[in-house]
Amino acid sequence: MKRFFAVMCAVLLAHTALFAQEADEDDDDGYGGYVDERLNMAGDQYINIALMVTFPLNFDGQLHIGGAGTLGYHRFLTDLIAVGADVSFGYHPTLGSNVYTYVPIVATATVQPTYRSLEFPLTVGIGMAMEHYLDRTYFPGLALKANVGVFFRATPSWSFGISDDLLFLPQWYSDAKYNDYGFFNSVQACARYHF
């Protein structure tokens with residue numbers, strides 16, 4: 001009986017040693033091996049930098065194609081929704097070789113679905129703008145913006161993409177005959193730094 005008990009203990013120990021799994025030091029990330037596949041989570045932030053070609057949509061040839069640049073800061077409230085602000089500077093040469101400039105500052109809300117390394121931000125914004133032409137400055141003016149884009153997350157810190165922007169800059173005066181409604185469409189090349 002003692003011999004049978006000793007053999008069974010030896011078989012049990014050998015069996016346990018065969019099926020024991022060695023701990024892999026490299027896989028211990030402090031979360032029990034769980035890796036979150038989402039590109040963005042609540043609290044994540046990014047800075048957006050964009051250069052764009054801007055097309056005036058309703059000026060009957062009085063404004064030529066112009067350019068603009070945007071700098072923005074955004075923070076994710078969830079893995080899908082972000083809020084932030086954008087500051088832009090845009091210009092358009094005029095028919096008479098003058099320059100029309102505008103500086104919109106808008107608060108934004110973004111819904112950003114993702115697929116693998118691709119991000120698809122849909123943004124709306126409202127704010128104010130300063131517009132200047134010759135010796136006239138219009139401030140504060142309403143600024144409304146809508147934007148759609150596609151970005152590739154190249155690294156955890158950087159994403160690059162293109163987007164299309166629609167900007168509405170109305171000017172309202174006490175004499176309604178001077179009212180003006182500016183619509184601009186921009187094609188943007190963008191880089192975003194995520195942190």
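I take helices (H or I, at least four residues) and strands (E, at least two) as DSSP runs, numbered from the N terminus. With that settled, I looked up N147, and I find it in strand β8.

**Ground rules**

The model is predicted, so I note that local features need pLDDT of at least 70 and side-chain atom pairs count only at pLDDT 80 or more, while totals for chains, interfaces and linings use all residues. Residues are numbered from 1 along each chain as its sequence is written, and side-chain values use heavy atoms, with hydrogens and water left out.

**Entry: the whole chain**

I find 1 helix and 10 strands in the protein chain. Reading from the N terminus, I get the order α-β-β-β-β-β-β-β-β-β-β. I use "buried" for under 20% relative accessible area, "exposed" for over 50%, and "partly exposed" for in between (1.4 Å probe, protein chains only). Of the 195 residues in the chain, 33% are buried.

For contacts I ask for heavy atoms within 4.5 Å. Among contacts with a separation of 6 or more, 54% join residues 24 or more positions apart. The accessible surface is about 12,500 Å², and carbon and sulfur atoms hold 66% of that surface. Such areas come from the Shrake-Rupley method with a 1.4 Å probe; for residues, only the protein chains shown count as cover.

**Entry: N147 again**

Is N147 buried or exposed? N147 counts as buried because its relative accessible area is 14%. Leaving out neighbours within four places in sequence, I see N147 in contact with P121, L122, T123, S163, D164, D165 and Q188. I also checked L166, which sits 19 residues away from N147 along the chain, with 6.4 Å between the two C-alpha atoms.

**Entry: the cavity**

I work on a 1 Å grid over the protein atoms alone: a cavity is a set of points where a 1.4 Å probe fits but cannot get out, a pocket is an open set with protein on both sides within 12 Å along at least five of seven lines, and lining residues have an atom within 4 Å of a point. Grid points are joined across faces, edges and corners, and a volume is the space filled by probe spheres set on the points.

How many cavities of 30 Å³ or more does the search of the whole structure find? The search finds 1. The largest cavity holds about 290 Å³ of space. Its lining has 26 residues, and D86, K145, N147, D165 and Q188 lie nearest the centre. Two or more lining residues come from each of β1 (45–56), β2 (66–76), β3 (81–93), β4 (99–111), β8 (136–153), β9 (158–171) and β10 (180–194). β10 gives the largest share, 5 residues.

I sort residues by class: Ala, Val, Leu, Ile, Met, Phe, Trp, Tyr, Cys and Pro are nonpolar, Asp, Glu, Lys and Arg are charged, and the others, Gly among them, are polar. The cavity lining then has 11 nonpolar, 11 polar and 4 charged residues.

The largest pocket has a volume of about 480 Å³. I count 21 lining residues, with Y100, Y133, R136, Q171 and D180 closest to the centre. By class, this lining has 11 nonpolar, 7 polar and 3 charged residues. The largest share, 4 residues, is from β10.

**Entry: the cores**

A nonpolar core is a set of buried Ala, Val, Leu, Ile, Met, Phe, Trp, Tyr and Cys residues joined through side-chain atoms within 4.5 Å. The largest has 10 residues: F59, L63, Y100, Y102, V106, A129, A143, L167, L169 and F184. A second, separate core of 5 residues includes A50, M52, A68 and C190.

**Entry: loops and backbone**

T94 is in the loop between β3 and β4, and it counts as buried because its relative accessibility is 5%. Beyond four places in sequence, T94 touches Q62, L63, H64, V99, Y100 and Y133.

Most residues other than glycine have a negative phi, and most peptide bonds are trans. I noted R116, with a positive phi near 55°, in the loop between β5 (114–115) and β6 (118–119). R116 is exposed, at 68% relative accessibility. L134 has a positive phi of about 55° and lies in the loop between β7 and β8. Last, the peptide bond from F139 to P140 is cis, with omega near -10°.
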